Amino acid sequence: MNVTFLIRLKAFLIDYVLIFAYLVLLVVLNIFLFPSIQELFQGSLITAQFMGFLMVTLPISIYFIVCDSVIGGQSIGKKKMGIRVVDANGKALSIPRAIFRTVLKFFPWELSHFLVYRMVAIGDEAVPISYSLIGGVIYALIFVYILTTIFTKNKQSLYDIIAKTYVIKLC
C-alpha cells in the first residue's frame, strides 16, 4: 500500500527532530568549541556555500541515503511510522538509487541555501530578478513535490516518480 502525504510528513517530522538536534549541536560546537569556523562563512560566497553544504546538507543527505537504502532500510521516522522506500520491484533501494532520490528530494533545500547566502551578501541592495526567479523555482518545486504526493495514483512525489521509487506501508 502506498503511503499518504500526511504519514510521510509525520515520518519526516520525526526525522527532523534528529536533524534539528544535529543543527543545535553544530551551533554549540561552532560557538563554544570551534568559533574560528564562523570565519569561513564570512568570506567568499563559494566558501560559505561549500562549508554549509559540508556541515549541513551532506551529513543529513548521508543519513537519508544510508537509512533509505539496503544498508539501513528505514530512517527512524519511517520506522516509527511503519513505512519504507522501495524500488519498482518492492526491494530496498540500491545506494545509487538512494543517492539519486535524496539529491532530487533535497534539491529545493540546497537551492534555498544558495539563495540565502546571496541574499545576505547583497544586504539592502535591490534584489536581482534572477534571485526572485530562483525563489520562485524553490517554491514551485516544493508545491509540486507536495501536490504530486497528494494527487498521484501511487502517492509518489515528483522525486519518487523520477527516481522510480515508492513509499509503502509495511504490514
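**Reading the chain**

Guide: From the N terminus, the elements of the chain follow the order α-α-α-β-α-α-α-β. Helices (H or I, at least four residues) and strands (E, at least two) are DSSP runs, numbered from the N terminus. The chain has six helices and two strands. This is a predicted model, in which local features need pLDDT of at least 70 and side-chain atom pairs count only at pLDDT 80 or more, while totals for chains, interfaces and linings use all residues. Residues are numbered from 1 along each chain as its sequence is written, and side-chain values use heavy atoms, with hydrogens and water left out.

Visitor: What share of the residues of the chain counts as buried?

Guide: Buried means under 20% relative accessible area, with a 1.4 Å probe and protein chains only. Of the 171 residues of the chain, 36% are buried. The C-alpha trace spans about 50 × 40 × 25 Å along its principal axes.

Visitor: Which residues form the largest nonpolar core?

Guide: In soluble globular proteins, nonpolar side chains tend to be buried together. A nonpolar core is a set of buried Ala, Val, Leu, Ile, Met, Phe, Trp, Tyr and Cys residues joined through side-chain atoms within 4.5 Å. Here the largest one has nine residues: Val3, Ala11, Ile65, Met81, Ile83, Val85, Leu93, Ala98 and Val167. Another core, of eight residues, lies apart from it and includes Ile19, Met51, Met55 and Phe106.

Visitor: How do helices α2 and α4 run relative to each other?

Guide: Axes are lines fitted to C-alpha atoms, for helices over the stretch in contact, and angles run from 0 to 180 degrees between N-to-C directions. The axes of α2 (residues 45-68) and α4 (residues 95-122) come within 10 Å and cross at roughly 155°. Angles over 145 degrees count as roughly antiparallel, and α2 and α4 are therefore roughly antiparallel to each other. Their contact comprises 14 nonpolar, six polar and five charged residues; Ala, Val, Leu, Ile, Met, Phe, Trp, Tyr, Cys and Pro count as nonpolar, Asp, Glu, Lys and Arg as charged, and the others, Gly among them, as polar.

Visitor: Is serine 75 buried or exposed?

Guide: Serine 75 is buried, with a relative accessible area of 0%. Serine 75 is found in the loop between α2 and α3 (76-81). Leaving aside residues up to four places away in sequence, serine 75 touches Asp15, Tyr63, Phe64, Cys67 and Asp68, where contact means heavy atoms within 4.5 Å.

Terms used:
Buried means under 20% relative accessible area, exposed over 50%, partly exposed in between (1.4 Å probe, protein chains only). Angles under 35 degrees count as roughly parallel, over 145 as roughly antiparallel, 65 to 115 as roughly perpendicular and the rest as oblique.
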